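Subject: Structure handover

Hello,

The sequence and the structure follow.

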Amino acid sequence: MKVVGGSASVPLAKSLVRELSAGYVDVAFEKHPGGFPDGERYVRLLGPVAGDHVILVQTTHPDPMIVEFLLLADAIRDAGARRITAVVPYFGYGRQDNRFLEGEAISAKTIAKHIAVDCDELLTMAIPANPDILRTFPIRAREVSGMPALGRYFKSANFDALLAPDEGAIRHVKQASAVAGVPFDFLVKERIDSYTVRIEPKALAVKGKSVAIVDDVISTGGTIATAARELRSQGARRVTAACVHGLFVDNAEANLKTCDEVIATDTIQSPHTKVSVAPEFAAAIRALG
Ligand code: R5P
């Protein structure tokens, strides 16, 4: 088994190599130092993959990382790989799983269709859409949970309670809570627009406690900031923001100042990446058979 990491996911790919005791195939991402002036991607495999089962690890965000994924998959297939497993830690364009208005693209399906051209199967994590969309993909596709990884972190750092900032996050926080052995509660969120959310008033047992707000994605940080203010107003001693996918766009860093600590996994590499989901993906790869 060999692992190839796209430039969005090199640290996670290298952690997977250690978990799986696999080989690592280096990739050159620039033809000339500095890359192409117009920003086009370039890839060149620097080792053989003929006859191998290759694990291609690449988050499809931001957009150029999708192109890079496709270039790598094509190069790996042309180089004679026997089987290609796509590990897409964060599935960019995974939000839209339905045609709500005539003429719309079902973006999650669009990306999957292109991944399936060269890959035999797909593993991803906390896809922003309803995970049922995976069953409509043209290749076998499975969602792997990152919550055990966050749960292990919560356990080691002695948190008192976990909080889902909305009902959608309950399925995630439940898993983290089971691993950490820490109770959880949830808020009910109403989204006003892309930047503004409102939460329903609710009494929380958080006075004097260290609480982690657990979400699948932090984008603008609006959801977390609203939940953090509620926790503070109800007397929480310490507030941590934790997510699987840290996109941190727009005013996220300012919004996250409402928290004492921010934790994200390595599905998207950022200064807040403190937890690796490599053990979760390694277990899922072994289970593929
Ligand atoms: C959707 O509800 C997701 O679970 C997240 O809560 C949401 O994407 C976070 O977005 P933002 O950080 O912009 O509030």
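This is a predicted model: local features need pLDDT of at least 70, side-chain atom pairs count only at pLDDT 80 or more; totals for chains, interfaces and linings use all residues.

In β8, the residue that bridges to Thr124 is Glu143.

Residues are numbered from 1 along each chain as its sequence is written, and side-chain values use heavy atoms, with hydrogens and water left out.

First sheet

Strand β7 (residues 121-125) pairs with β8 in the parallel sense, over five bridges. Two strands pair if DSSP finds at least two bridges between them. β7 and β8 belong to an open sheet of six strands, ordered β2-β1-β5-β6-β7-β8, with parallel pairing. β2 (23-25) and β8 (140-144) are the edge strands, each pairing on one side only. From one strand to the next, the twist averages 25 degrees.

Two helices lie on this sheet. α1 lies across β1 (2-5), β2 and β5 (53-57), and runs at about 155 degrees to β2. Helix α2 (residues 64-78) touches β1, β5 and β6 (83-88), and its direction makes about 165 degrees with that of β6. Contact means heavy atoms within 4.5 Å. Axes are lines fitted to C-alpha atoms, for helices over the stretch in contact, and angles run from 0 to 180 degrees between N-to-C directions.

Another six strands form an open sheet, in the order β10-β9-β13-β14-β15-β16, and the pairing is parallel. Its edge strands are β10 (184-186) and β16 (273-275), each of which pairs on one side only. The twist here averages 35 degrees from one strand to the next. Strand β9 (residues 161-164) and β10 pair in the parallel sense over three bridges, and Ala164 has Phe186 as its bridge partner in β10.

α4 packs on this sheet and touches β9, β13 (210-218), β14 (238-246), β15 (261-265) and β16, with its direction at about 160 degrees to that of β13. Helix α6 (residues 222-233) also packs on the sheet, touching β9, β13 and β14; the direction of α6 makes about 165 degrees with that of β13.

Helix pairs

The axes of helix α1 (residues 10-20) and helix α8 (residues 278-288) come within 9 Å and cross at roughly 55 degrees. That makes α1 oblique to α8; angles under 35 degrees count as roughly parallel, over 145 as roughly antiparallel, 65 to 115 as roughly perpendicular and the rest as oblique. The crossing of α1 and α8 is right-handed, a term used if the near helix is turned clockwise from the far one by less than a right angle, with left-handed for anticlockwise. On the α1 side, Leu12, Ser15, Leu16, Glu19 and Leu20 meet Ala278, Pro279, Phe281, Ala282, Ile285 and Arg286 of α8. The residues of this contact divide into eight nonpolar, one polar and two charged. Ala, Val, Leu, Ile, Met, Phe, Trp, Tyr, Cys and Pro count as nonpolar, Asp, Glu, Lys and Arg as charged, and the others, Gly among them, as polar.

Helix α4 (residues 147-156) packs against helix α5 (residues 170-180) at an angle of about 45 degrees, with the axes 7 Å apart. α4 and α5 are therefore oblique to each other, and α4 passes α5 in a right-handed crossing. The residues in contact include Met147, Phe154 and Lys155 of α4 and His172, Gln175 and Val179 of α5. By class, the contact of α4 with α5 has six nonpolar, three polar and two charged residues.

Aromatic pairs and backbone

The structure holds four aromatic pairs; rings of Phe, Tyr and Trp (its six-membered ring) pair if their centres lie within 6.5 Å, and planes under 30 degrees apart count as stacked, over 60 as edge-to-face and the rest as tilted. One of the pairs is Phe91 with Phe137, whose ring centres are 5.8 Å apart and whose planes are at 25 degrees, so the pair is stacked. Phe91 lies in the loop between β6 and α3 (107-115) and Phe137 in the loop between β7 and β8, so the pair ties together parts that are 46 residues apart in sequence.

His61 and Pro62 are joined by a cis peptide bond, with omega about -5 degrees. Pro62 is in the loop between β5 and α2. Ser21 has a positive phi of about 50 degrees although it is not a glycine, and Ser21 sits in the loop between α1 and β2.

Regards

Technical notes:
Helices (H or I, at least four residues) and strands (E, at least two) are DSSP runs, numbered from the N terminus.
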